[in-house]
Amino acid sequence: VENLLEQVLGLGAVVFVVDIPPALNSIVDVRLSIPTFHIAIECAGRVVHHSPKGTAIDLAGLSPEDRAALEAIRADLLAGEDRSSVPDVGRPELDVRNAADESSGPWDSSPIPSVSRRPERSFRRQISLTAPDIQVLSATGRHVAVPSTKEDYGPEPEWFSPSGEPDRVEAVVDDRIVDIMLSVSQSALTGLVEIETPKGNFQVLWDNGLVSEIEQQPRVANEELGLMLFRADRISKQQLAMASAAADEHGTSVARSLLDLGILEPEAIRKSIAGRLTYLLQRICDTKSGSVTVYASSALPAGFLPNPPLRVHISAERVVFRRIFEELRQLPMADREQLQQDALDAYPEVLFAERDRVMRALADEAHSDLVDTLLRGRRRLREVFTESGL
(Lines give C-alpha, C1' and ligand atoms only; values in the text may rest on other atoms or scores of the structure.)
Protein backbone atom coordinates (compact mmCIF):
# COMPACT_ATOMS: atom_id res chain seq x y z
CA VAL A 1 0.00 0.00 0.00
CA GLU A 2 2.81 2.44 0.88
CA ASN A 3 4.54 1.80 -2.44
CA LEU A 4 1.30 2.24 -4.35
CA LEU A 5 0.47 5.52 -2.60
CA GLU A 6 3.98 6.81 -3.27
CA GLN A 7 3.50 6.15 -6.99
CA VAL A 8 0.06 7.78 -7.12
CA LEU A 9 0.75 10.79 -4.89
CA GLY A 10 4.49 11.24 -5.27
CA LEU A 11 5.05 10.39 -8.95
CA GLY A 12 1.52 11.00 -10.23
CA ALA A 13 1.59 7.72 -12.15
CA VAL A 14 1.38 3.98 -11.54
CA VAL A 15 3.50 1.28 -13.16
CA PHE A 16 2.15 -2.24 -13.54
CA VAL A 17 2.10 -5.11 -16.00
CA VAL A 18 -0.87 -5.67 -18.31
CA ASP A 19 -1.30 -8.59 -20.70
CA ILE A 20 -1.63 -6.38 -23.78
CA PRO A 21 -0.02 -2.96 -23.18
CA PRO A 22 -2.16 -0.07 -24.46
CA ALA A 23 -0.65 2.24 -27.08
CA LEU A 24 1.35 5.24 -25.91
CA ASN A 25 -0.80 8.34 -25.22
CA SER A 26 -4.00 6.29 -25.28
CA ILE A 27 -6.62 7.07 -22.62
CA VAL A 28 -7.52 4.24 -20.27
CA ASP A 29 -9.83 3.77 -17.28
CA VAL A 30 -8.07 2.82 -14.04
CA ARG A 31 -9.67 1.34 -10.94
CA LEU A 32 -7.71 1.29 -7.67
CA SER A 33 -9.04 -0.70 -4.72
CA ILE A 34 -7.46 -0.75 -1.23
CA PRO A 35 -9.67 -3.15 0.76
CA THR A 36 -7.94 -2.65 4.12
CA PHE A 37 -9.00 1.00 4.08
CA HIS A 38 -12.39 0.36 2.43
CA ILE A 39 -11.81 2.60 -0.55
CA ALA A 40 -12.22 2.14 -4.31
CA ILE A 41 -11.31 4.88 -6.80
CA GLU A 42 -11.94 5.11 -10.54
CA CYS A 43 -10.34 7.70 -12.82
CA ALA A 44 -9.07 8.27 -16.34
CA GLY A 45 -5.37 7.92 -17.11
CA ARG A 46 -2.95 8.33 -20.02
CA VAL A 47 -0.30 5.80 -21.06
CA VAL A 48 3.04 7.63 -20.89
CA HIS A 49 5.78 4.97 -20.93
CA HIS A 50 6.57 1.32 -21.66
CA SER A 51 9.50 -0.52 -20.05
CA PRO A 52 10.49 -4.07 -19.02
CA LYS A 53 9.02 -3.27 -15.58
CA GLY A 54 5.58 -2.51 -16.98
CA THR A 55 3.37 0.23 -18.34
CA ALA A 56 3.33 3.68 -16.72
CA ILE A 57 -0.06 5.41 -16.58
CA ASP A 58 -0.38 9.08 -15.65
CA LEU A 59 -3.39 9.51 -13.32
CA ALA A 60 -4.24 13.05 -14.38
CA GLY A 61 -7.94 12.33 -13.90
CA LEU A 62 -7.64 11.81 -10.13
CA SER A 63 -10.15 14.12 -8.43
CA PRO A 64 -9.20 16.37 -5.46
CA GLU A 65 -11.54 14.35 -3.22
CA ASP A 66 -9.91 11.04 -4.20
CA ARG A 67 -6.46 12.54 -3.69
CA ALA A 68 -7.53 13.76 -0.23
CA ALA A 69 -8.71 10.24 0.65
CA LEU A 70 -5.38 8.71 -0.41
CA GLU A 71 -3.42 11.43 1.42
CA ALA A 72 -5.36 10.57 4.59
CA ILE A 73 -4.42 6.90 4.25
CA ARG A 74 -0.76 7.76 3.70
CA ALA A 75 -0.83 10.04 6.76
CA ASP A 76 -2.15 7.14 8.85
CA LEU A 77 0.64 4.89 7.62
CA LEU A 78 3.33 7.51 8.19
CA ALA A 79 1.99 8.07 11.72
CA GLY A 80 3.18 4.54 12.47
CA GLU A 81 -0.11 2.85 13.33
CA ASP A 82 0.10 -0.77 14.50
CA ARG A 83 -0.83 -2.54 11.29
CA SER A 84 -0.40 -5.96 12.87
CA SER A 85 -3.88 -5.50 14.37
CA VAL A 86 -5.56 -4.39 11.13
CA PRO A 87 -7.88 -7.10 9.75
CA ASP A 88 -6.52 -8.57 6.52
CA VAL A 89 -9.38 -8.10 4.07
CA GLY A 90 -7.37 -8.34 0.87
CA ARG A 91 -4.43 -6.90 -1.07
CA PRO A 92 -4.66 -3.62 -2.97
CA GLU A 93 -5.74 -4.16 -6.56
CA LEU A 94 -5.25 -2.21 -9.79
CA ASP A 95 -7.22 -2.80 -12.95
CA VAL A 96 -7.04 -1.03 -16.29
CA ARG A 97 -9.02 -1.09 -19.51
CA ASN A 98 -9.25 0.90 -22.72
CA ALA A 99 -11.58 3.86 -22.20
CA ALA A 100 -12.97 3.41 -25.71
CA ASP A 101 -14.05 -0.19 -25.07
CA GLU A 102 -17.77 0.27 -24.44
CA SER A 103 -18.44 -3.49 -24.62
CA SER A 104 -16.70 -4.13 -21.32
CA GLY A 105 -19.62 -2.69 -19.32
CA PRO A 106 -19.37 -1.30 -15.77
CA TRP A 107 -16.69 -2.30 -13.32
CA ASP A 108 -17.35 -5.38 -11.25
CA SER A 109 -18.84 -4.10 -8.00
CA SER A 110 -18.81 -7.42 -6.15
CA PRO A 111 -17.72 -7.25 -2.51
CA ILE A 112 -14.08 -7.46 -1.53
CA PRO A 113 -13.36 -11.09 -0.54
CA SER A 114 -12.53 -11.62 3.11
CA VAL A 115 -9.65 -13.84 4.13
CA SER A 116 -11.72 -15.20 7.00
CA ARG A 117 -15.12 -14.81 8.64
CA ARG A 118 -13.75 -14.04 12.06
CA PRO A 119 -15.47 -11.18 13.93
CA GLU A 120 -14.05 -7.68 13.53
CA ARG A 121 -11.08 -7.36 15.86
CA SER A 122 -10.90 -4.42 18.22
CA PHE A 123 -8.54 -2.00 16.53
CA ARG A 124 -9.01 1.69 15.98
CA ARG A 125 -7.02 4.08 13.87
CA GLN A 126 -6.88 7.63 15.19
CA ILE A 127 -9.99 9.24 13.70
CA SER A 128 -11.05 12.71 14.77
CA LEU A 129 -14.68 13.24 15.72
CA THR A 130 -16.77 15.71 13.74
CA ALA A 131 -18.49 18.40 15.81
CA PRO A 132 -22.22 18.48 14.95
CA ASP A 133 -24.01 21.64 13.85
CA ILE A 134 -26.31 22.23 16.83
CA GLN A 135 -28.74 24.29 14.76
CA VAL A 136 -29.13 21.47 12.22
CA LEU A 137 -29.31 18.92 15.04
CA SER A 138 -32.31 20.69 16.53
CA ALA A 139 -33.86 21.87 13.24
CA THR A 140 -36.69 19.34 13.16
CA GLY A 141 -37.61 19.72 16.82
CA ARG A 142 -37.45 23.53 16.74
CA HIS A 143 -39.77 23.84 13.77
CA VAL A 144 -42.77 21.95 15.10
CA ALA A 145 -44.97 24.85 13.95
CA VAL A 146 -43.80 24.34 10.36
CA PRO A 147 -45.98 21.74 8.61
CA SER A 148 -44.29 18.52 7.58
CA THR A 149 -43.52 18.10 3.90
CA LYS A 150 -43.53 15.05 1.67
CA GLU A 151 -41.39 16.78 -0.95
CA ASP A 152 -38.12 14.90 -1.43
CA TYR A 153 -34.93 16.69 -2.49
CA GLY A 154 -32.28 14.89 -4.51
CA PRO A 155 -32.11 11.26 -5.71
CA GLU A 156 -32.93 8.22 -3.62
CA PRO A 157 -30.23 7.62 -0.95
CA GLU A 158 -28.09 4.52 -1.49
CA TRP A 159 -29.51 1.43 0.22
CA PHE A 160 -27.17 -1.54 0.53
CA SER A 161 -28.04 -5.21 0.00
CA PRO A 162 -25.29 -7.01 1.96
CA SER A 163 -23.94 -10.31 0.65
CA GLY A 164 -23.25 -13.33 2.83
CA GLU A 165 -24.41 -14.11 6.33
CA PRO A 166 -24.64 -11.41 9.01
CA ASP A 167 -22.24 -11.49 11.95
CA ARG A 168 -25.00 -10.86 14.46
CA VAL A 169 -28.82 -10.66 14.65
CA GLU A 170 -30.65 -9.44 17.75
CA ALA A 171 -34.18 -8.54 18.75
CA VAL A 172 -34.81 -5.12 20.30
CA VAL A 173 -36.63 -5.08 23.65
CA ASP A 174 -36.95 -1.98 25.85
CA ASP A 175 -33.57 -0.17 25.89
CA ARG A 176 -31.58 -3.02 24.35
CA ILE A 177 -30.79 -0.90 21.26
CA VAL A 178 -28.56 1.34 23.41
CA ASP A 179 -26.49 -1.64 24.59
CA ILE A 180 -26.15 -2.84 20.99
CA MET A 181 -24.93 0.57 19.75
CA LEU A 182 -22.32 0.69 22.52
CA SER A 183 -21.09 -2.84 21.88
CA VAL A 184 -20.79 -2.14 18.13
CA SER A 185 -18.71 0.93 18.95
CA GLN A 186 -16.57 -1.01 21.42
CA SER A 187 -15.79 -3.66 18.80
CA ALA A 188 -14.49 -0.90 16.45
CA LEU A 189 -16.74 -2.21 13.69
CA THR A 190 -16.27 -1.10 10.12
CA GLY A 191 -19.43 -2.25 8.43
CA LEU A 192 -23.20 -1.92 8.47
CA VAL A 193 -25.88 -2.12 11.16
CA GLU A 194 -29.40 -2.53 9.80
CA ILE A 195 -32.28 -1.70 12.14
CA GLU A 196 -35.84 -2.76 11.35
CA THR A 197 -38.60 -1.06 13.33
CA PRO A 198 -42.42 -1.00 13.03
CA LYS A 199 -42.22 2.58 11.70
CA GLY A 200 -39.34 2.18 9.25
CA ASN A 201 -35.84 0.83 8.68
CA PHE A 202 -32.39 2.36 9.14
CA GLN A 203 -28.95 1.50 7.76
CA VAL A 204 -26.06 2.81 9.87
CA LEU A 205 -22.55 2.78 8.37
CA TRP A 206 -19.68 2.51 10.85
CA ASP A 207 -16.01 3.38 10.39
CA ASN A 208 -13.78 1.95 13.14
CA GLY A 209 -16.54 2.18 15.75
CA LEU A 210 -17.76 5.64 14.71
CA VAL A 211 -20.98 6.42 12.82
CA SER A 212 -20.34 7.81 9.31
CA GLU A 213 -23.74 7.65 7.62
CA ILE A 214 -27.40 6.84 8.35
CA GLU A 215 -30.14 6.32 5.78
CA GLN A 216 -33.75 5.36 6.33
CA GLN A 217 -36.63 3.79 4.41
CA PRO A 218 -39.17 5.02 3.68
CA ARG A 219 -37.66 8.46 3.14
CA VAL A 220 -38.62 11.22 5.58
CA ALA A 221 -38.19 14.59 3.85
CA ASN A 222 -38.03 16.54 7.13
CA GLU A 223 -35.06 14.43 8.29
CA GLU A 224 -32.95 14.64 5.14
CA LEU A 225 -30.01 17.01 4.99
CA GLY A 226 -31.35 19.50 2.44
CA LEU A 227 -34.53 20.38 4.28
CA MET A 228 -32.80 20.35 7.68
CA LEU A 229 -30.25 22.88 6.37
CA PHE A 230 -33.06 25.08 5.07
CA ARG A 231 -34.99 24.93 8.35
CA ALA A 232 -31.81 25.72 10.28
CA ASP A 233 -31.36 28.86 8.13
CA ARG A 234 -28.08 27.57 6.69
CA ILE A 235 -29.27 27.76 3.05
CA SER A 236 -32.12 29.46 1.22
CA LYS A 237 -35.00 27.71 -0.52
CA GLN A 238 -33.48 28.72 -3.87
CA GLN A 239 -30.09 27.22 -2.93
CA LEU A 240 -31.82 24.03 -1.81
CA ALA A 241 -33.62 23.83 -5.17
CA MET A 242 -30.35 24.41 -7.07
CA ALA A 243 -28.48 21.75 -5.09
CA SER A 244 -31.34 19.26 -5.48
CA ALA A 245 -31.55 19.81 -9.23
CA ALA A 246 -27.79 19.31 -9.60
CA ALA A 247 -27.93 16.17 -7.45
CA ASP A 248 -30.75 14.72 -9.60
CA GLU A 249 -28.88 15.56 -12.79
CA HIS A 250 -25.55 14.02 -11.77
CA GLY A 251 -26.84 11.24 -9.51
CA THR A 252 -24.99 12.57 -6.46
CA SER A 253 -26.09 13.57 -2.96
CA VAL A 254 -27.40 17.01 -2.02
CA ALA A 255 -24.33 17.42 0.22
CA ARG A 256 -22.00 16.82 -2.74
CA SER A 257 -23.97 19.31 -4.86
CA LEU A 258 -23.75 21.97 -2.13
CA LEU A 259 -19.96 21.49 -2.17
CA ASP A 260 -19.61 21.45 -5.96
CA LEU A 261 -21.78 24.57 -6.37
CA GLY A 262 -19.80 26.42 -3.72
CA ILE A 263 -22.89 27.10 -1.61
CA LEU A 264 -21.29 25.80 1.60
CA GLU A 265 -17.68 25.17 2.63
CA PRO A 266 -16.61 21.54 3.26
CA GLU A 267 -16.30 22.03 7.04
CA ALA A 268 -19.77 23.59 7.27
CA ILE A 269 -21.26 20.68 5.31
CA ARG A 270 -19.45 18.13 7.49
CA LYS A 271 -20.78 19.72 10.68
CA SER A 272 -24.27 19.81 9.17
CA ILE A 273 -24.09 16.13 8.23
CA ALA A 274 -22.89 15.35 11.77
CA GLY A 275 -25.84 17.29 13.19
CA ARG A 276 -28.28 15.24 11.13
CA LEU A 277 -26.59 11.93 12.04
CA THR A 278 -26.64 12.86 15.75
CA TYR A 279 -30.37 13.62 15.51
CA LEU A 280 -31.08 10.29 13.75
CA LEU A 281 -28.93 8.33 16.20
CA GLN A 282 -30.92 9.85 19.06
CA ARG A 283 -34.08 8.64 17.35
CA ILE A 284 -32.63 5.17 16.89
CA CYS A 285 -31.71 4.97 20.59
CA ASP A 286 -35.40 5.53 21.43
CA THR A 287 -36.40 2.38 19.51
CA LYS A 288 -38.21 -0.09 21.77
CA SER A 289 -38.98 -2.95 19.36
CA GLY A 290 -37.72 -4.45 16.12
CA SER A 291 -34.50 -6.21 15.13
CA VAL A 292 -30.84 -5.37 14.56
CA THR A 293 -28.56 -7.07 12.01
CA VAL A 294 -24.80 -6.45 11.95
CA TYR A 295 -22.68 -6.99 8.81
CA ALA A 296 -18.89 -6.80 8.61
CA SER A 297 -17.24 -4.82 5.83
CA SER A 298 -16.62 -8.03 3.84
CA ALA A 299 -20.38 -8.21 3.15
CA LEU A 300 -20.40 -4.75 1.53
CA PRO A 301 -19.06 -3.39 -1.78
CA ALA A 302 -15.65 -1.73 -1.90
CA GLY A 303 -15.75 1.96 -1.10
CA PHE A 304 -19.07 1.72 0.76
CA LEU A 305 -18.16 4.54 3.16
CA PRO A 306 -18.83 8.14 2.06
CA ASN A 307 -15.86 9.71 0.31
CA PRO A 308 -13.77 12.52 1.80
CA PRO A 309 -14.11 15.40 2.35
CA LEU A 310 -17.72 14.60 3.28
CA ARG A 311 -17.00 11.56 5.45
CA VAL A 312 -17.83 12.37 9.08
CA HIS A 313 -17.40 10.54 12.37
CA ILE A 314 -19.77 10.85 15.32
CA SER A 315 -19.62 9.03 18.64
CA ALA A 316 -22.45 6.75 19.74
CA GLU A 317 -21.11 7.08 23.30
CA ARG A 318 -21.69 10.84 23.26
CA VAL A 319 -25.32 10.43 22.14
CA VAL A 320 -25.98 7.76 24.77
CA PHE A 321 -24.28 9.82 27.50
CA ARG A 322 -26.41 12.90 26.74
CA ARG A 323 -29.53 10.71 26.83
CA ILE A 324 -28.70 9.29 30.27
CA PHE A 325 -27.54 12.69 31.56
CA GLU A 326 -30.83 14.37 30.59
CA GLU A 327 -32.87 11.58 32.20
CA LEU A 328 -30.98 11.94 35.48
CA ARG A 329 -31.14 15.72 35.42
CA GLN A 330 -34.95 15.63 35.20
CA LEU A 331 -35.23 13.58 38.37
CA PRO A 332 -36.21 15.48 41.57
CA MET A 333 -33.27 16.16 43.89
CA ALA A 334 -34.57 13.74 46.52
CA ASP A 335 -34.70 10.91 43.98
CA ARG A 336 -31.20 11.63 42.76
CA GLU A 337 -29.83 11.67 46.31
CA GLN A 338 -31.54 8.35 46.98
CA LEU A 339 -29.88 6.82 43.89
CA GLN A 340 -26.47 8.07 45.01
CA GLN A 341 -26.73 7.33 48.73
CA ASP A 342 -25.33 3.79 48.76
CA ALA A 343 -22.39 4.70 46.54
CA LEU A 344 -21.21 8.02 48.01
CA ASP A 345 -18.32 6.41 49.88
CA ALA A 346 -17.33 4.15 46.98
CA TYR A 347 -14.37 4.89 44.72
CA PRO A 348 -15.30 5.37 41.05
CA GLU A 349 -12.79 4.09 38.54
CA VAL A 350 -12.29 4.39 34.79
CA LEU A 351 -10.64 1.33 33.29
CA PHE A 352 -7.61 2.55 31.37
CA ALA A 353 -8.52 0.40 28.35
CA GLU A 354 -11.88 2.19 28.17
CA ARG A 355 -10.48 5.71 28.58
CA ASP A 356 -10.74 6.65 24.88
CA ARG A 357 -14.40 5.67 24.70
CA VAL A 358 -15.19 7.58 27.91
CA MET A 359 -13.43 10.68 26.60
CA ARG A 360 -15.37 10.44 23.34
CA ALA A 361 -18.60 10.66 25.33
CA LEU A 362 -17.63 13.93 27.02
CA ALA A 363 -17.78 17.18 25.07
CA ASP A 364 -17.16 19.43 28.11
CA GLU A 365 -13.46 20.09 28.85
CA ALA A 366 -14.12 20.19 32.61
CA HIS A 367 -15.62 16.69 32.41
CA SER A 368 -12.54 15.45 30.55
CA ASP A 369 -10.32 16.90 33.29
CA LEU A 370 -12.39 15.01 35.85
CA VAL A 371 -11.78 11.72 34.05
CA ASP A 372 -8.03 12.43 34.07
CA THR A 373 -8.27 13.09 37.82
CA LEU A 374 -10.00 9.76 38.39
CA LEU A 375 -7.35 7.97 36.36
CA ARG A 376 -4.52 9.49 38.40
CA GLY A 377 -5.85 8.92 41.89
CA ARG A 378 -8.61 7.42 44.03
CA ARG A 379 -11.45 9.77 44.99
CA ARG A 380 -14.65 8.91 46.80
CA LEU A 381 -17.83 9.65 44.88
CA ARG A 382 -18.85 12.41 47.30
CA GLU A 383 -15.50 14.12 46.58
CA VAL A 384 -16.07 13.78 42.86
CA PHE A 385 -19.43 15.56 43.23
CA THR A 386 -17.74 18.52 44.91
CA GLU A 387 -15.32 18.89 41.98
CA SER A 388 -17.73 18.73 39.05
CA GLY A 389 -21.33 19.10 37.99
CA LEU A 390 -20.98 15.92 35.95
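Analyst: Helix H9 is mostly covered, with 14 of its 20 residues buried. Here buried means under 20% relative accessible area, exposed means over 50%, and partly exposed lies in between, with a 1.4 Å probe and protein chains only. Helices (H or I, at least four residues) and strands (E, at least two) are DSSP runs, numbered from the N terminus. The model is a predicted one, in which local features need pLDDT of at least 70 and side-chain atom pairs count only at pLDDT 80 or more, while totals for chains, interfaces and linings use all residues. Residues are numbered from 1 along each chain as its sequence is written, and side-chain values use heavy atoms, with hydrogens and water left out.

The end C-alpha atoms of H9 are 28 Å apart, which agrees with the 28 Å that its 20 residues should span at 1.5 Å a residue; the expected span is 1.5 Å times one less than the number of residues.

A nonpolar core is a set of buried Ala, Val, Leu, Ile, Met, Phe, Trp, Tyr and Cys residues joined through side-chain atoms within 4.5 Å. This core has 51 residues, of which Met181, Val193, Ile195, Trp206, Ile214 and Leu258 touch the most other members. Beyond its neighbours within four places in sequence, Ile214 is in contact (heavy atoms within 4.5 Å) with Arg276, Leu277, Leu280, Leu281 and Ile284, and also with Phe202, Gln203 and Val204. A second, separate core contains 24 residues, including Leu5, Val8, Phe37 and Ile41.

Valine 47 lies in strand S3 (residues 39-51) and counts as buried because its relative accessibility is 0%. Leaving out residues up to four places away in sequence, its contacts include Pro22, Leu24, Val28, Thr55 and Ile57. Valine 47 is 33 residues from valine 14 in sequence, yet their C-alpha atoms are 9.8 Å apart in space.

Charge pairs complete the picture. A salt bridge is a side-chain nitrogen of Lys or Arg within 4 Å of a carboxyl oxygen of Asp or Glu, and the count by this rule is 22. Arg168, Glu170, Arg176 and Asp179 are linked in a network of salt bridges.

Aspartate 345 pairs with arginine 380, their closest N and O atoms being 3.0 Å apart. This pair links distant parts of the chain, 35 residues apart: aspartate 345 is in the loop between helix H11 (333-341) and helix H12 (355-361), whereas arginine 380 is in the loop between helix H13 (365-376) and helix H14 (381-387). Aspartate 345 is partly exposed because its relative accessible area is 46%, and arginine 380 is likewise partly exposed, at 29%. Arginine 380 also meets glutamate 383 in a salt bridge of 3.5 Å, N to O; glutamate 383 is partly exposed, with 31% relative accessibility.
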